[in-house]
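Here's a quick briefing to read alongside the sequence and the 3D view. Take a look at the picture first, then work through the topics below.

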Amino acid sequence: MSEWRKVFRQSLAVPPHCQRRRARWAGSTAFCCVLKYLEGAVLAQGAEYQLRLSLFDATYHHFFGRTWRSSWRAARATTPRPARAAFNETVYFHTSLNHPGITVVVELVTVAGKGDEGSQHLSCGFGLIPLFSSRSEMTDLATEDRALKLYHGTPRALLHPRFQDPMEKNKYLMVMEKSHLQYALKTHQPLEMVFHLLPENLLVSGLQTLPGLQPARGDTGDCLQKPRLLKPVSCYLEGLSVQLTPSLEEFEEELLELLNSDRLLQALPGSARGEVRDLCSVCWAVWSPVLGTSRAEVVLPLHGGAHRGPCQTLVYRNPVSSRSSRQLQEQQVESGTVQFCFATDSEEHPVTAAELLRSAGDEPAPTPALSLAAPLETMTSPRGPGLSVSELSASPRGKDGFLVPGSSQHDAGITHLEASLGSPDPEPSASDHLRALPFAPLHVPIAAVGLQAGRSHTLPSRAALARLHAAGFPQILDRHRLPVEISEPPEPASISLRLEESDPLQGDEIILQFLAFGRDTRDGTEEPWPGTIFLTFQFYRFPPVTTARLQLVSAEPGAAQLLVRLNKDGTLSTGPPGLQLRYVVDPASLRPGERRWFVRYLAEHSLQIDVWDGDSLLLVGSAAVRLQPLLRQGREAVRTHHELEVTTTEYEPDVAVLGQEALRHGALRPLGVRVLVRGHLHLCLANVGHPCEETPGQLPSPLPSHSHHVPGSGSATNISAGSWLPLNVAGGGQVSRARRLVEVDSELAAALHSRQAEAQLPPPAAPGEAMAARQRKLRRMALVRQQEDASSGRMPQLSEQRARHLKDLQIIDAYRDHTKGENIARVLSQAITATHTVHAVLGTAEFFEFALKNPCGVQHTVTIEVDQPELSVILDPREWRHFKELTRSATPVEEEMFHLRQDLKPQVYLRPNETLRIPFKYQTFSADPALAAAQGPAGMDADANVATLGKSEGRQTKHIQVCFQGSGGRPLALLRVKVEPQPHVVDQTFRFYHPELTFLKKTIRLPPWHTLPGAPVGMPGGQPQMFVRCSDPNIICETKNMGPGEPQDIFLKVAGGPSPQIKKFFVAIYMDAWLAVPTQIWQFYLHSLQRLDLSGTAGQLARLSLLLRGTAAPRRVQAFTSHPQELQVDPGGAFLLPANAVQELHLGVRPRRAGSRFLYLNLVDVESHQLVSSWLLCLSCRQPLISKVFEISLPVGGSCTKRITYTNPYPSPRLYFLGTNRPDLLQFKEDSFQVAAGEVYSIGLRFAPSQEVGEEEILIHINDHEDKNEESFCVRVLYQ
C-alpha cells in the first residue's frame, strides 16, 4: 500500500483550466523534448543547476500538469567558450489541448547557501517553448536543434495580470544576454501506443519506470524512445463479496442520518423529482496482483474520507461512533473489506471467443480499472431498520464531488456500488461484441494519377503540319489583325510566373482549335472507328462544354481525318473545317487576386478532353494537354500545335479473396488494367494578349466586391424607398422624382385594372329577336341623350367621370390603410439592414466579418439566427485566426466570445454602444444545378463559340438573411447575404460504369501531396493529412490516415440509379483541417447500366437475347457495341422500336482472350442521337484446352508463311471454321475448310510483322459448323 501511494502521488497532476475541460478537443499529440545543454554568462563555474519543466496556459494564466525536474548538473567553463552545463535528458508527454496558448515553461534553478539547513533553491531565469502555431497546428518541428532565449526572474511572473501573450509584447521582461538553452522539440508517434499507461499532461523522463512497459534495450535506458508493452496476462476474479462494518444495515442507517442532516443544513438547487442523478463513490480499495501464483484468496480493506483516491473525488467514510468503535478497533479496518478469489490458471478457465478476437489484434488490451459491478452477496445481520438495498435510490452529486440529498419517493439514500436503477436490462459487456480481424480492405485502390499529359503529347511532324495547313483552317490573328506564328512549346524551367503576372497585356483570349482526329498506327483495323465524334471538357472555371457533332472527313489515305461540323439536319457545314472555341479572360471579370491563380492554373494544370462516338455515344477515349504553352511570357500572342494520344482504360472486375486467405498479405489479386491508344487528336492552342479596355467580346461588368469587412447598418448613407427614383444632377446632389403608385405597386394596379375592366364589360348577348329589339332601344336612348346634351351641355358625362375617379380614390385610400403597417415595418427594417455579396465557388469558404453595433444604452445578449446552413458563425477562435491569416485581416481575435444555447444558436454579449466583429463563413458543397444537371452542360453549344467569365446564365442567386435579436426579442440589426454561385475548376475527371440500382464501392489512391497542383510549398511536419468532402450528401466519401509514410486512399460508396441515368458529383480535397480552400476538385461520372452476366470459352460463339422495351413514342434505333469484333448484334442496322412494345435483340459473343472483362452495349435513337438504353455485359471467359503447341522465331518487322496440319477424326466429312485471338498478327489463307473423313488438311498461316521485341502467344481455334470449339493450337512467336 505504501509503495502504491508513493507511485500514485508522483502521478498526481493539476488539471487544466475549467474552460479548457468544457471544450471538446481532438486526439492527443505526443511530444519529445530533448534538453541538451545550457550555455551563457548566467552560469557560474562549479555551481550546480537544475531544469524544471511545466505546462502553462497563457490564455487563462494557469499552470497545469506536474512539474518535471532534471538531475543536478555542474557548470564547466573551457576557454574561450563560456560556461556550459550539459543535461542531455529527454522528456516525453502528450496533450490534447492543441491551442496556441499552450506552452512549456522551462525554469533554471540553482542552489544558494551552504549546508543542508541554510541552502535554498533560487530561480535564475525561465523561457517558453511554444507547442502549437497560430493555426492550432504543431509548430514547425525541425530536426535540427534550437536555441531558447531566457528571461530574468521567475516563472511566477506569468501569473501577473499585466502579462500579455505573445511574449514579445511584454515590456516588463528582460532577456538574458549571451545565455541560451539548446533543445530539440519534435512529435513522437511511438508514444501513442502507451497513451493508456501515461496520463495526459504529465511530463516524464525516459529513464523513469512506467508500469506496463518493458525495460529499454541497449545502454540508453530510455524505455519511451521505442516503447514495448509487457505481455498481457488474463486474470480471473471469482466469489466477489463486500462486507461493510459493523453491518450493512447500521452502515446504511448512519449514512442516511448524515445525508439528512446535510440536507437540512444546505439548500442545494437542481435536485428535482425524477431527475437522473450521478452515482457516488462510497469507499475504495487498492490491490496490486502478484503474478506467478496460480490461485489465491485476496482480502482488501476499504478506504474513504478526505484523502486522495483513484477517483479524484471525496468519498464517504464511516465515522467511528460510540456503538461501533469497539468493533472497528477489534477488526482494525476503516470501512469494511472486499474479498475475492484471484486465479491465473488458464486450464480451469477456458478462453472465450472474445478473448481470441482480442488476442488476434496488434494492440494489447489496456489494463482495466478496478470496478465492482458483479452481484453482491450481502451479509445479513439481526440489527438494523430493515431497509434493503433494492429500496435505496441514487443520490445526486453536488459540486466538488460532495453528496447532496435527493427528492425521490424515499426519504434519502444512495445506491451501493454500480447497480443500474435506470433500466432493468443490464448493459452489454465488452465480451458481447465481436471484433473484426485486422486485414487489408477488399477494394483494390485505383491510382489517381490522371492522364499523363507529358507522355501522351507529341509534336506533329512537318508532313502533318503541311497537310493541316493545306486543309484551309481559319487563321488565328493577334490584336493587330496579323497572323500568329507557330512556336515550339517552352521548356518548363524557362517559365517565369512573375513575368507573366507583370505583363502589360492583362487580357487573355484563349483559343482552342480542334483540327483532326486519326487512327493510331498500332491499333488494329478491326477496332471500331467512329464516323462522327463530339468532345467534352472544362477549361478553368468556365462552364463545362459539350461540342456539336463533328464529321471525320478523310483528305488523304492513311492521314488523320479532318473535323468538319455538322448542321442540325445532318449535312456537312460549308464553312472552314475544324472547331474553334474562344475563352475571354479579362481582369474586369476576375475577382481580386484571381489573375495570379489563373496564371498558376495555366502553368501547373492540364486540360482533359473526352472524345465520344457521335453515333454510338460510347467513349472513344480521353486525352490531356498541358496548358503551360499558353503562357505568353511578355509576347503579344503565342500559338502551338499538339498531337495528343487518345487512350482508353479497360478495367477488369474486382476479384476479392475471402476467408483465411484474406488475412495473408497480398491476398488480393491486382486490378487488371489495360491502357489502349485509340487515336491521335490534333489540337492548336493560342493565347492572344489584349489590353483590358480592348478585350473583344467582353461586356462591361462591375468588379465583384471581395471585401472581408461588412459595415453595419449604421454606416449606410441613404436608403432607397420603393416610390422614389434617384436622379443624378450636375450640382453633385441627388434629386428624387416622384412616381405614380400604379407604377410602384403591382397589386394596386391590378385592383384598379380589374375594376375598369368590369366597368367596360359588354352586356350579355341576347339571341334572336330579343337582340334586335335591344339594339333598337339602345339607338333610341342614344338619340335622346344627344338631344339632352345639346340642350343642357355635357354635365352628365362629367358627373359620371367624377364618380369613377372618386371610386378609384376610395380604392387607393383603402389600399393605403391596408398596407400602411407593412410599409412602415419594411422601411424600418431597411434602416437596420446591411447587404453583402458573396461569390461562392464549390468547396471554397468565403470569409467575412460583420460589424455588429449595440445602438442601445443598455447591455444586450444578442442571439444570431441564420436561415441557411451554408452560412455559419465561426465559433472556434482557432478557425477564426486561420481565416484571418489567409485573408490577411488585421482585426483582433477574441477568445471565448460566443455562447451556444440549447438549440445551438450562438449568443454574444454586447455592452452599451459597443461594436463587435462577428466572423461568418459561407461554404457550400452542393454543386450548382446548372453545372451538375447533365453530362455536358450547355455552357457553350454550336451557336456560342465565345465564353466570358462573369456571366451567370442558368445560375440562380440565393439570398440569406441573418437576424441579430436582442434580449427582448427585437432585432438590433439585419444582414442580407447575396450569394452568386460561380463555376469551379475541375482538376481531374473519373468515369465509372456500374450495374444499375447497385452500390459502387471504389478506393482511389491519392498521389503524394507534393505532386498535387496547388499544394503549398514547404509544409512543416512531413506529409499532411488530407480531408475530402463530396457535393452529394447521399454519397459516402471519406479518407483515413494510415500513418507516416503510408499512402492515403479515398473510399467512395455511391448508390446507382436506373439505366441509363448518369450521376455526376464532385469531390473536394483539402490539406487543412478547417477546409478553407480545396487543393483539388475531382469530377465523377457514374453511368448506371443494365447488367447482363455472360460466360463462355475463348474462341467459341455463345448466343443469347435481350428484351427491348419501347418508350412512349416509336423510335428508330440502332444497337452499338464497344467490341464489335467480339460482340455481334442482330439486327445489325437501324430498326423501328414500337411504342410500349417488347422486341428481342439477339447477341453473339465470341471472346478472344480468357479472363473477366466489361463490354458495353448502347441502344441509340439514330434520329435525335439520344441514348435509349445501355447494358453492361460482365463477361467471364475461360481458356480452351490446348492440344498442340508450336514455336517460331521472327525478326522484328519481318513476316513469314507457315502451314500446320489437321486430321478429321470423324467418320463423315466436316466443315470447320478458323479463328484466332490475334488477327493483327496472324491471317489465315482460308477462313473455313471442309475435309473428308479421316483425311488430313493443311492450314495456311501468314504471320504479320510486329514492331515490338518480345514473345507473343497466338491461339488458333478450330470450330465446327455450329461454331463450337473442336480443338485449339498455341503458337509461341518470338520476335527478335
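Is Glu895 buried, partly exposed or exposed? Glu895 is partly exposed, because its relative accessible area is 23%. Keep in mind that this is a predicted model. With that said, let's go through the salt bridges, the surface patches, the cysteines and a few spots in the backbone.

**Salt bridges**

- The structure has 31 salt bridges in it.
- One of them pairs Arg881 with Glu895, and their closest N and O atoms sit 2.9 Å apart.
- Arg881 belongs to helix α14 (residues 877–887), while Glu895 is in the loop between α14 and β34 (899–900), so this pair ties together parts that are 14 residues apart in sequence.
- Another salt bridge joins the side chains of Arg1276 and Glu1257, at 3.7 Å from N to O.
- That pair links distant parts of the chain: Arg1276 is in strand β61 (residues 1269–1279) and Glu1257 is in strand β60 (residues 1254–1263), 19 residues apart.
- Arg1276 is partly exposed, with 32% relative accessibility, and Glu1257 is partly exposed too, with a relative accessible area of 44%.
- Arg1091 and Asp1093 also meet through their side chains in a salt bridge, with 2.8 Å from N to O.
- Asp1093 has 51% relative accessibility, so Asp1093 counts as exposed; the cut-off for that label is over 50%.
- You'll also find a network of salt bridges, which links Asp503, Asp508, Arg595 and Arg632.

**Patches on the surface**

- Which residues gather in a patch of positive charge on the surface? They are Arg776, Lys777, Arg779 and Arg780.
- Arg780, one of that group, is part of helix α12 (residues 769–792).
- Arg780 counts as exposed because its relative accessibility is 58%.
- There's a nonpolar surface patch as well, made by Leu875, Leu900 and Leu904 and covering about 290 Å².
- Leu904 sits in the loop between β34 and β35 (906–910).
- With 66% relative accessibility, Leu904 is labelled exposed.

**Cysteines**

- How many disulfides does the count come to? The count is zero.
- Buried or exposed: what about Cys223? Cys223 is buried, because its relative accessibility is 9%.
- Cys18 has 31% relative accessibility, so Cys18 goes down as partly exposed.

**Backbone spots to look up**

- Most peptide bonds are trans, and most residues other than glycine have a negative phi.
- Ser1059 and Pro1060 are joined by a cis peptide bond, with omega about 0°.
- Pro1060 is in the loop between β44 (1049–1055) and β45 (1062–1070).
- Asp1130 and Pro1131 are joined by a cis peptide bond as well, and here omega is about 5°.
- To find Pro1131, go to the loop between β49 (1127–1130) and β50 (1135–1137).
- Asn88 isn't a glycine, yet its phi is positive, near 55°.
- Asn88 is located in strand β6 (residues 81–95), and Asn88 counts as exposed because its relative accessibility is 59%.
- Leu997 is another residue other than glycine that has a positive phi, near 55°.
- Where is Leu997? Leu997 is in the loop between β40 (988–995) and β41 (999–1005).
- Leu997 is exposed, because its relative accessible area is 62%.

**Apart in sequence, together in space**

- How many residues apart in sequence are Gly239 and Phe340? They're 101 residues apart, yet from C-alpha to C-alpha the distance between them in space is 5.1 Å.
- Gly239 is in strand β12 (residues 236–244).
- Gly239 has a relative accessible area of 57%, so Gly239 is exposed.

Methods. Residues are numbered from 1 along each chain as its sequence is written. This is a predicted model: local features need pLDDT of at least 70, side-chain atom pairs count only at pLDDT 80 or more; totals for chains, interfaces and linings use all residues. Side-chain values use heavy atoms; hydrogens and water are left out. Patches are made of residues with over 30% relative accessible area and no salt bridge: like charges are joined within 9 Å, nonpolar side chains (Val, Leu, Ile, Met, Phe, Trp, Tyr) within 5 Å. Accessible areas come from the Shrake-Rupley method with a 1.4 Å probe; for residues, only the protein chains shown count as cover. A salt bridge is a side-chain nitrogen of Lys or Arg within 4 Å of a carboxyl oxygen of Asp or Glu. Lys and Arg count as positive and Asp and Glu as negative; His and the chain ends are not counted. The place of a charge is taken as NZ of Lys, CZ of Arg, CG of Asp or CD of Glu. Helices (H or I, at least four residues) and strands (E, at least two) are DSSP runs, numbered from the N terminus. Buried means under 20% relative accessible area, exposed over 50%, partly exposed in between (1.4 Å probe, protein chains only). A disulfide is a pair of cysteine sulfur atoms within 2.5 Å.
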